[in-house]
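Colleague: Could we go through this model together? I would like to ask about a few places in turn.

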Amino acid sequence: MNKILEVKNLTVMFGETYVVDNVSFDLEPGKVLALVGESGSGKTMTALAMLDLLPRSADHKKGEIWFNEQNIFDLDPECMRKIRGNKIAMMFQEPFTALNPVMRVGKQITEAIDAHQRRSHDEKEGRLNELMERVKLPRAIAMSYPHELSGGMRQRIMLAMALSCSPDILILDEPTTALDVSIQKHVLDLIKQIQETEQFAMLFITHDFSVVNMIADDVCVMKEGFVVEKGPKDEVLKTPKVQYTKHLISCIPRLGDKRGRLPG
Amino acid sequence: MIELKNVKKYFHPRRGIFSSDGDSVKAVDGVSFTVPRGKTFGLVGESGCGKSTIAKLIVGILEPDSGEIKCQGNTDIVFQDPFSSLNPRMTIGDIVGEPLFISGQKRNEIKAGVKRMLSVVKLRSAECIDKYPHQFSGGERQRIAIARSLVRKPHILVLDEPVSSLDVSIQAGILNLLKDIQEEMYLTYVFITHDLRVAEFMSDAMGVMKEGTLVEVASPREIYSSPKDGYTRQLLDSIPKL
């Protein structure tokens, strides 16, 4: 098993409070790991640590994050800047706030390329065309401002930005939570399809096990900063070992489900 | 009970001074349904289909262009986003009590009403009455919004995507709570959602809405076991399997 990224005993504290507590997992190239838990379970903080983007109030961090034989916590800011967005990219939850409202979306995508690579104008235009095609948006959309686009379209733009430098690892933080169920399906199918062709490693953060089932190979369940269960998706979904995992799976209403009440 | 008969609501977007007026948007275009007292009607559709316009028409925030809306009893509404629907500068006691204050009730009546409603939504009133919205989680805030909507003792409650911004585990708690409250207070619900699973769990009858019209009205069982309309089938197919 070759690992592209290894998180070892990661601990993050805000003052005396543990938000991530001794978390370890690996990412493999071409595989999707889902990080599942409720809000406040430490999922997002784990992801931010991987980009060395923890807020300043996180005053203690321990553990190691190994990427390309380097510990991310040992790198100086300049080296980290070269990895962030370039080798390890992240797509954020809120497509409404994560885009610059006064810049055309195409420009926002090429800006991401400019930050890491020296490319001529034509090369960038070519790359932009490629990316728009990959996220299945008409090229003309690149000339729009964010407010002119729907939530699903904005999320595709975010995806194009994250993919712009062909990262080795893509982190997605609840990318479809703010979308309608039907739009969510389109966006998830698209993400899955791109991931399968480009074979990057993916860390997918969500609170919804029905989404996990659609996209993940492996699952890591977090609660209050701890990893309570991890394993291959089918194993965790079909035979969850921990009560908390069972609860997260069973609290989703199903079609044709005869339960008058949901657990919770 | 609620009765909508061929209700229409068009919006006319205004353009700049030099451009001609655009086409009107047919937000609700001839919608009819009835909800018997004490039952839940689930209204499902994607964003932009006109669901929220119907919510606003039922509670009277908007007037229909044509058609008829009959509601027996008071109506109230719970909005989607518990982060923006609560005034951040008011305490929970003031937020929940405001509808009573506006209708001219006395201080001690307001206090008693607030306490009762907070206990209905399973919040400890002594602990939260003097706190502010930011001190609560998303699920707790939605409970506060529900308490506010119930404080004037409505007969009809319109719930506009009340759980779509919540985690699945928190969502389950709110859905159970809404069922309990309905039974206790004999309320009629119009439950608006984009999630067919949630609609099916909550409703006695369901309507699938697309571009301002109801494409299918049926029992939840019929909707998922033998959908008649192509659009309903499409929505069913997009549900993640578990």
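Colleague: Leaving aside its neighbours within four places in sequence, which residues is Val208(B) in contact with?

Modeller: Val208(B) is in contact with Val44(B), Thr213(B), Leu214(B), Val215(B), Glu216(B), Ile223(B), Tyr231(B), Thr232(B) and Leu235(B). Contact means heavy atoms within 4.5 Å. Please note that this is a predicted model, in which local features need pLDDT of at least 70 and side-chain atom pairs count only at pLDDT 80 or more, while totals for chains, interfaces and linings use all residues. Residues are numbered from 1 along each chain as its sequence is written, chains are lettered from A and ligands numbered from 1 in the order in which they are written, and side-chain values use heavy atoms, with hydrogens and water left out.

Colleague: Where does Val208(B) lie? Is Val208(B) buried or exposed?

Modeller: Val208(B) lies in strand β8 of chain B, residues 205-210. Helices (H or I, at least four residues) and strands (E, at least two) are DSSP runs, numbered from the N terminus. Val208(B) is buried, at a relative accessible area of 0%. Buried means under 20% relative accessible area, exposed over 50%, and partly exposed in between (1.4 Å probe, protein chains only).

Colleague: What separates the C-alpha atoms of Val208(B) and Leu235(B)?

Modeller: A distance of 9.3 Å, with the two residues 27 residues apart along the chain.

Colleague: Turning to the interface, how many residues does the contact take from each of chain B and chain A?

Modeller: Chain B gives 33 residues and chain A gives 35 residues. The two chains bury about 2700 Å² between them, 57% of it on carbon and sulfur atoms. Buried area is the accessible area (1.4 Å probe) that two parts lose on being put together, summed over both. Val168(B), Arg197(B) and Leu242(B) supply 26% of the area that chain B buries against chain A, more than any other three residues.

Colleague: What does Arg197(B) touch, residues up to four places away in sequence not counted?

Modeller: In chain A, Arg197(B) touches Val181(A), Ser210(A), Ile252(A), Pro253(A) and Leu255(A), and in chain B, Ile239(B) and Pro240(B). Arg197(B) is placed in helix α7 of chain B and counts as buried, at 6% relative accessibility.

Colleague: Which side chains meet in a salt bridge?

Modeller: Those of Arg261(A) and Asp180(B), at 2.6 Å, N to O. The count between chain B and chain A is one salt bridge, defined as a side-chain nitrogen of Lys or Arg within 4 Å of a carboxyl oxygen of Asp or Glu.

Colleague: Which helices of chain B each supply at least two residues of the side that touches chain A?

Modeller: They are α6, α7 (196-202), α8 (220-225) and α9 (230-237). The largest share, 10 residues, comes from α6(B).

Colleague: What span should α6 of chain B have?

Modeller: Helix α6 (residues 168-185) has 18 residues and should span 26 Å at 1.5 Å a residue; its end C-alpha atoms are 26 Å apart, which agrees. The expected span is 1.5 Å times one less than the number of residues. Buried residues of α6(B) include Val168(B), Leu175(B) and Ile181(B). After α6(B) comes Tyr186(B), with a positive phi near 50°.

Colleague: Changing topic, how many of the residues of α1 in chain A are buried?

Modeller: Seven of the eight residues of helix α1 (residues 43-50) are buried, so this helix is largely enclosed by the rest of the structure. Among them are Lys43(A), Met45(A) and Leu48(A). Just after α1(A), Asp52(A) takes a positive phi of about 55°.
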